Every structure is written in C-alpha cells, then in structure tokens.
Amino acid sequence: MKLNQRFPLYKHASLLLVGLACFFFLSYGLANRYTASLELVPSVSYGWEKHIPFLPWTIIPYWSMDVLYGLSFFLCTTRRELAVHAGRLFAASCVCCVCFVLFPLACSAEIPPISNPFFRYLFEGGGLVATPYNQAPSLHIALAWLVWLRFRAHTGGWKRLLAGGWFLLIGLSVLTCYQHHFIDVPLGLAVGVLLSYLLPMRSYPRLPEGADPKRWKLGGMYVLGSVCLVSGACWLKSWGWFLLWPAASLLAVGLGYWLWGPAVFQKDEQGRQSVSARVLLAPYRWGARLSQGYFLRRIPAVSQLTERLYVGRLPRAGEACAARVLDLTAEFDSSGIVCGGKTVYPCLDLLALTPAQLQQTVELLHKQVPGGPTAVCCALGLSRSAAVAAAYLTAVHKVPSVREGIACVSRKRPQVVLSVRQVNYLLQWENKYPYINKRGVER
C-alpha cells in the first residue's frame, strides 16, 4: 500500500494512539495511587527469585516497549486490523487495572544502587524506584504480547527473528529490572493471549445448523475436565496454579462444542491456526497428539480406496503424502504440509457430518481427485474422512449406494468406525443430493 493511500489510516492510528496513551497513563496512575494509599500491600514471590540478577542495562529493552507500542499502530494495513489492535490494547489496560485495584500487590525486591548515571536516570526518571505496585497480572507483559503479534504479522525472515528476540528480552527485563515477581509474568501473558484469542483479526466459520447433538455431551466432558483442573490448582497452589492453562484450554474446547464450532481453533483456509489459538489450546493439542499416536500404533497412516483416492490421518509437517490433501481436522495446524494441493474444511472431532457438510466436502473432492492422487484426512482416518470417502464413492458411481460405499471403505480400512447418526446422515445425504457426475470422474 502506497504512502498516500495509507495516510487516512495513519490519521486514525494517530488519534487512537493518543487516546489510548492518555487512557493508559490515567488508569495506570490512578490504580498505582490507590494501591500506594493502602496501609498494607502484600507481595507474592518464590524463594528462588532472590537469585535473579539485577541487570541495569535491561532497562533499555524495558522502556523500548513505549516506542514499540506507538509504532505498532502504524504497522496495521487495514481499518479492521487497526480497530482490533486498539481494542485489544484498551481491553488489556482495563483488565489489568481492575486486577490491580481488586488484588493489590507490591514488588518486594529492592533495587540496589546504580552506578551508571544513564541507567540511574532511566530508573529514577521513570518512577520505577518509587512505585513498586501494579503487579499482577503484568500489564507490561500483556501489552508486549499484543504488540509483538503486530510485528510478527508484518515482518518475515531475519526481521521476524530479531523482533521476536527483542520482545523476549522485554519479557525478561521485568524480572532483571526488579519490576515484577515471576508470577506476574505468566499472568500478564495469559491476559494478552486470552484477549488476542477472544478478539481475533479475522472471522472463522461457526457450527452449522443441525449439527450432531452429541456436541452437548462432549462439550460437557471438556468443561467438567476444566472444573477439575481448576479445583486441583486451588488445592495445590504454588506451581499448581499452572494447571489453569490446561483448564482454560479444555474450557475453550468445551465452548467450541457448545457454541463456537470449528471456529474455536481459529484455523484459516491455508490450515494455519492463529498464534493465540495455538498457545491457548496447546495442552489440548498435545493430548490430541498423544491420543493419535496411541490409536495409530497398529493402523496404517493411509489406506488406498481407488487409483486416486486415499483415506487416513492428517500428514505431519515434512511428511511425504499424496499429491493433494483434503484436511477435515479443526484441531491440528496443517500449514506445514507440503503437497500438490490442499483444501481445508474444519470439522470438530467425534461429531457426525451433516448431509450439507457431506455434500460440500464431496464437491471439494470432486474438484481435487481429477488432478491427481488425493488423500481425505482427519485425525485418525477412521470417522470424518471415512464418511466423506463413502459419500464420494457413491457420488461418482464407484459404488451403487451409500451402504456399499461404507462397506468399500471398511474393507480397505477395517478399523473405520461410523456412528449410527453418521450412517443416518449419509443415508439422508443420498436421498437429498443429486450425484455429481453420472459417468464418473476417475479414469
């Protein structure tokens, strides 16, 4: 985008920056003043933190956040991106300042004498020595995450690595400048990740109408698991608080089954999940990978159904695969798969595909298969992909009926398991939708 084309956007960016800066200093200052007025302000820290060295020079990356905060507004290339970015920063200030007032904490680490006059000026001039409040969650860390996302989105190669390294240094500086205790850092990061997840830069597909009612049971199981982990965190305390991460992950997935559908994983057309979704849902995805590895111990990765059609699990990054892939998973990032062509149609695991979904996926396969060998993939290659493959074989008249299609897939991949509801949806699809090509498409 040329400079003259971006000028109106720069005007909006400037206004938003000034407004948010004023709000930040006002809200942060009032919260700090309130905490300073209290007679007793507690501190929460681990014993090992006393061994963290004080590094005066890290005040430079610490204060660089002010500059990077301002620059991030002018990196945005669309009004939507600018509005979402500003909304995230505003929300972060609100959430953290409310926490500062409701749960006031102080930093108990004392800043030692600083011999270098320049570093001493940066500490004293910025008020870092006299105002050890506004601790958890660290607003500095929350803002650093949100600002880094914009730099990550608009840089590549060595520039992205350099930016990532500098923001990592900013994160460490809150400890080496004695501005925060350790617990404030993951809490601040959690605020940043949650806000960037809840306020995404783009929209994602919602759960289709008429989806499998089983989603209520599955969602309830994930929410119950989340409640158990929260209870465990409250009981264990200390390092047990880190159980809140998998608890939040399971809660999000549960809400996905109940409300958000595949959008809970924020997976785009290239199979790439948002950074925030990958971080927030990492515990769930790790569990899904372990489950996948366990169930696939004695099952082939893929099974060939016809000369050009395969069914199986989703290939991993760098793994050899068919020329083309139809990715039906919502839970796995498939952006690293290298193949001749890839189509992404996210579906939640363990839910039956509706007749409308079956028709859409069959049409996608119809476009892919004539171009070369194609693998229709899900997590295990036993349910979602099997249902789509059975429908496709019927649609192109490789088999005379859906039941024959199911039997064909089961013969080639005996471990296939289709629920009663999925079979009924396949039969409904067969009665409702016309076949794609009466002469068939494969040679």
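1. A residue is called buried under 20% relative accessible area, exposed over 50%, and partly exposed in between, with a 1.4 Å probe and protein chains only. This is a predicted model, in which local features need pLDDT of at least 70 and side-chain atom pairs count only at pLDDT 80 or more, while totals for chains, interfaces and linings use all residues. Residues are numbered from 1 along each chain as its sequence is written, and side-chain values use heavy atoms, leaving out hydrogens and water.

2. Helices (H or I, at least four residues) and strands (E, at least two) are DSSP runs numbered from the N terminus, and two strands pair if DSSP finds at least two bridges between them. Five strands form an open sheet with mixed pairing, in the order β1-β2-β5-β3-β4. Each of the edge strands, β1 (302-304) and β4 (341-347), has a single partner, so one side of each is left without a neighbour in the sheet.

3. Strands β2 (residues 309-313) and β5 (residues 374-378) run parallel and are joined by five bridges. Here arginine 313 stands opposite cysteine 378 in β5. Helix α13 (residues 384-395) packs on the sheet and touches β2, β3 (324-329), β4 and β5; contact means heavy atoms within 4.5 Å. The direction of α13 makes about 140° with that of β5, where axes are lines fitted to C-alpha atoms, for helices over the stretch in contact, and angles run from 0 to 180 degrees between N-to-C directions.

4. The whole structure contains seven salt bridges, each defined by a side-chain nitrogen of Lys or Arg within 4 Å of a carboxyl oxygen of Asp or Glu. One of them joins lysine 267 to aspartate 327, with the closest N and O atoms 2.5 Å apart. Lysine 267 lies in the loop between α9 (244-260) and α10 (275-280), and aspartate 327 in strand β3, 60 residues apart. Both lysine 267 and aspartate 327 are buried.

5. Arginine 278 and aspartate 333 also form a salt bridge (3.6 Å, N to O). Arginine 278 belongs to helix α10 and aspartate 333 to the loop between β3 and β4, so the pair ties together parts that are 55 residues apart in sequence. Arginine 278 is partly exposed at 22% relative accessibility.

6. Aspartate 349 is partly exposed, at 24%, whereas arginine 384, at 1%, is buried.
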